[in-house]
2 protein chains.
Amino acid sequence: MLRLFRRRRRPAAAPVLTPRSEAVSAVRVELAELTPAPEPFLGQAAYLALVLFENLGRAVQTAPTTAAKTALGAAAAQVLEAHEGLVTELRGLGADPIAAMDPFRAGLDEYLARVQGADWPETLVTCYLTTGFLADFFTGLAAGLPDGLAERVGVLLDVDHGERVLEAQLRTVIEQSPRIASRLAMWGRRLIGDTMLIARSALAIDAAHAELEVERVEPAFAELIGAHTRRMDALGLTA
Amino acid sequence: MLRLFRRRRRPAAAPVLTPRSEAVSAVRVELAELTPAPEPFLGQAAYLALVLFENLGRAVQTAPTTAAKTALGAAAAQVLEAHEGLVTELRGLGADPIAAMDPFRAGLDEYLARVQGADWPETLVTCYLTTGFLADFFTGLAAGLPDGLAERVGVLLDVDHGERVLEAQLRTVIEQSPRIASRLAMWGRRLIGDTMLIARSALAIDAAHAELEVERVEPAFAELIGAHTRRMDALGLTA
């Protein structure tokens, strides 16, 4: 039926990895059919890693303690490592990494400008929620890459990107001034809308069947939003 | 004579390393007698690496091209790696890394605020000149650490910290708008004064003989300033 025509490639076998969150394993199969070709996938993921790094860099800059700076520095290093790994994969394909990233620059820079937050607590929330959501999403999407590449990219993205550190820092911030919670909850809700748009724009959607395809990945997005809600819950914030 | 009293420890054997610049080998012997104890040395160098990382992070954020962002990201990763290596060495000594870094925070944060620059070209100059000068200086000073530690720290600091990348980016900036050169030359001269003060404050100087000790390291500073001048020359800027 129609479903068969829309299937551009056989769903890849799920790579044998321990996923960083339940959401990843749940979304892998659903997203794998809408994975872009390797070069745009890697270009977008590599530029996105730079954007997530810029947010973490800003968190390091505004961190009020040496302990926070050094912990967030380690998270920033993880994201840079993922960026470098993705660039190396692009080179391995014979692609020019800069040319592969460039088409995604304007959109992702605009996203960065929208989510960067006004102060240290907002920047922390940004790093915590957007890095978590997008790492889950791109790890799931990576399952649809050709064999070999899928596994390697899965490993590159399947790290915690400082999630525990960010959660611990945010808990401290909220404990020290509980009144900040409602502002941060609001900020988290705003963030997730922009972040979902970025995720959706990364899907290789066939314009002729766009509506059907978007509908079909709704369950995957529901899973990702579930993981997002669990992150908010962990801070005692209402999603 | 007096010289003997001032000598707190035997000069360490110069580690067998290929120094990243001529300046390093020249200053090693002169600085090695004024090296602080391992814990304050490592604490200060580790916090300084965070400060240099913040400057590079700002350079990534303000970089106008994808190529510049990705190249500067690699430089930022190098500095973070040095930071993590120094923190690991502190742990190896049984020290609390945060407690070891904290005494240097206020002074280095103030330094950071003074040198961060107003825009992308100034931030680039800051990264290029201050990272170069301070990496030379601390690599030289590391020679006075106890055997074993001296060599390991020498290896951690003896990387190029993106010097080639920064130089190339700055050449492009200056080629594209040659009029910027005089502003950047002025900025470079301002920077080096602040940076020398930071370097000097890192020396373990015996207050009773401060004047003599400072005088004795003048040749080392002359070498470091020579390396600084070569960096300025490489850009066609007057030091």
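**Entry 1. Helix H8 of chain B.** I started with H8(B), whose buried residues pack against H4 and helix H7 (120-142) of chain B. The model is predicted: I take local features only at pLDDT of at least 70 and side-chain atom pairs only at pLDDT 80 or more, while totals for chains, interfaces and linings use all residues. Residues are numbered from 1 along each chain as its sequence is written, chains are lettered from A, and ligands are numbered from 1, both in the order in which they are written.

I went through residues 149-157 of chain B, which form H8, and found Ala150(B), Val153(B), Gly154(B), Leu156(B) and Leu157(B) buried. I call a residue buried if 20 or more other C-beta atoms lie within 10 Å of its own, exposed if 12 or fewer do, and partly exposed in between, with C-beta atoms placed from the backbone. Helices (H or I, at least four residues) and strands (E, at least two) are DSSP runs numbered from the N terminus. Viewed down the axis of H8(B), the buried residues fall within an arc of 160 degrees, so they line one face of the helix. The arc is that of the directions from the helix axis to the C-beta atoms. An α-helix has 3.6 residues a turn, so residues three or four places apart point the same way.

**Entry 2. The counterpart in chain A.** In H8 of chain A I find Ala150(A), Val153(A), Gly154(A), Leu156(A) and Leu157(A) buried. These residues cover an arc of only 160 degrees around the axis, which puts them on the same side of H8(A). Their cover includes helix H4 (66-92) and helix H7 (120-142) of chain A.

**Entry 3. Chain A as a whole.** I count 12 helices and zero strands in chain A. Its radius of gyration is 18 Å, close to the 18 Å that the globule rule gives for 239 residues, so chain A is as compact as a globular protein of that length. That radius is taken over C-alpha atoms, and the rule is 2.2 Å times the number of residues to the power 0.38. Along the principal axes, the C-alpha atoms of chain A fill a box of roughly 55 × 35 × 35 Å. Of its 239 residues, 51% count as buried. I also looked at contacts (C-beta atoms, placed from the backbone, within 7 Å). Among those in chain A between residues at least 6 apart in sequence, 80% join residues at least 24 apart.

The contact takes 25 residues from chain A and 25 residues from chain B. On the chain B side, helix H3 (38-62), helix H4 (66-92) and helix H5 (97-101) each supply at least two residues. H4(B) gives the most to that side, with 13 residues. By class I get 13 nonpolar, six polar and six charged residues on the side of chain B that touches chain A. Here Ala, Val, Leu, Ile, Met, Phe, Trp, Tyr, Cys and Pro count as nonpolar, Asp, Glu, Lys and Arg as charged, and the others, Gly among them, as polar. I note that 100% of the interface residues of chain B are also interface residues in chain A, so the copies meet through the same surface.

Entry 4. Met101(B) lies in helix H5 of chain B and is buried, with 29 other C-beta atoms within 10 Å. Leaving out residues up to four places away in sequence, Met101(B) touches Thr66(A), Gly43(B), Ala46(B) and Tyr47(B).

Ala100(B) is also found in helix H5 of chain B, and 26 C-beta neighbours inside 10 Å make it buried. Apart from neighbours within four places in sequence, I list Glu39(B), Leu42(B), Gly43(B), Leu90(B) and Ala95(B) as contacts of Ala100(B).

I found Trp187(B) in helix H10 (residues 180-201) of chain B, where it counts as buried with 21 C-beta neighbours inside 10 Å. Trp187(B) touches Gly117(B), Glu122(B) and Val125(B), not counting residues up to four places away in sequence.

**Entry 5. Confidence.** The model scores ipTM 0.77 and pTM 0.83. Chain A averages a pLDDT of 87, and 91% of the residues score at least 70; pLDDT is the predictor's confidence in each residue, from 0 to 100. Where pLDDT is low, the predicted coordinates should not be read in detail.

Methods
Contact = placed C-beta atoms within 7 Å.
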